[in-house]
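Hi,

Here is the structure I said I would pass on.

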Amino acid sequence: AELAFLRNDYRSVFAFAQALWTQAMTTADYRRKGVAATWLGSAQAQMGRYQEASRTLARAVADYDHAGIADEAARAMNALAVCYEELGDFDRAYTLYAHALHRAEADQHADMQGRILANWGDALVQHGHIEEGMGRIKSAIAILKDIGAHWHYAWCELALAKAYALRGNDEEAGQLMHTALKSVRKSDAPHIEAEILAGIGEYAARHGEDAFAIDNLNAALAIAERLGIEREVFKTHRLLAECHRQFGRFEQALHHFESFHNVRAKVFDEVARSRVAEIESTFELEKTTRARELFQLRNVELASSLA
């Protein structure tokens, strides 16, 4: 599941988590339930189903608490904070990031601390709290560099570069984007490399660097298509369409806009099918549970009649 998640293969994560969830619901192992709910909720969130994901992740946190291992809930709380952010409840998201960070620190989980600080900082930047957000992102970079998590801090460097760009520090932004690309190439994380290349391309287009923008966006698209990361594919098609339109190449712009809509439609069709599969799985679980309860009841009645 971790590998599929890193590749943005959320359908595989969802299928795995759904099976794990179905198995966990037949036991009294709350840690197992918490792990299953964390993966399931994280996959739902990445598929854009934030309302469902928030309920699933809240249950994961409750299951960890019930099992007496609250510190292990940091991953679920981090994902839950992202959901609230996407749903527009920023104050609640920031509160959850703080709680998640506290639990990750208590669990001495440096990698998760870095991830939480990065998400929290990026959220603050995107919502106008640029200086505070940059501080959190810099803290994330310090932690992740210290443990050698190259692709994680490369993503943070990209986020920090975008913050510098928002602040008008173009030279620092450009330098950090290229530093991020060097960092990610120290690890086997082509999915993050694609995201960084797309960021560089978008930044270059805004500054009128036509050929450089197109080269980086095409490189990002090639990686995303090779890996089958459809969300990154349609996002990059959109950036390419906007870039070609900006520089007056309307035929190429139209081609990429059509590709953007086609791939995006495919992704959300898959989301709909996954939702149907989830409902069917829940129905089967309930039917199996009722059958087991009926069987136990009949055994009790039989034992009573023989007594």
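A quick definition before the details: I call two residues in contact when they have heavy atoms within 4.5 Å of each other. Please keep in mind that this is a predicted model, where local features need pLDDT of at least 70, side-chain atom pairs count only at pLDDT 80 or more, and totals for chains, interfaces and linings use all residues. Residues are numbered from 1 along each chain as its sequence is written, and side-chain values use heavy atoms, with hydrogens and water left out.

First, the overall picture. The protein has 14 helices and 0 strands; these are DSSP runs numbered from the N terminus, with helices being H or I of at least four residues and strands E of at least two. Buried residues account for 47% of the 307 residues, where buried is under 20% relative accessible area, exposed is over 50% and partly exposed is in between (1.4 Å probe, protein chains only). If you take contacts between residues at least 6 apart in sequence, 53% of them join residues at least 24 apart.

Now the part I'd look at on screen: Tyr 97. A search of the whole structure turns up 2 aromatic pairs. In one of them, Tyr 97 and Trp 120 are stacked, at 6.3 Å centre to centre with 20° between the planes. (Rings of Phe, Tyr and Trp, the last by its six-membered ring, pair if their centres lie within 6.5 Å; planes under 30 degrees apart are stacked, over 60 edge-to-face, and the rest tilted.) This pair links distant parts of the chain, since Tyr 97 belongs to helix H6 (residues 90–106) and Trp 120 to helix H7 (residues 110–126), 23 residues apart. Both residues are buried.

What about Asn 78: is it buried or exposed? Asn 78 counts as buried because its relative accessibility is 8%. Asn 78 is in helix H5 and, leaving out residues up to four places away in sequence, touches Tyr 97, Ala 100, Met 112, Ile 116 and Asn 119.

H6 itself has 17 residues and reaches 24 Å from its first C-alpha to its last, close to the 24 Å expected at 1.5 Å a residue; the expected span is 1.5 Å times one less than the number of residues. Its buried residues include Tyr 94, Leu 96 and Arg 103, and their cover includes H4, H5 (74–86) and H7. After H6 comes Gln 108, with a positive phi near 55°.

For contrast, His 66 in helix H4 (residues 50–66) is exposed, because its relative accessible area is 54%.

Cheers
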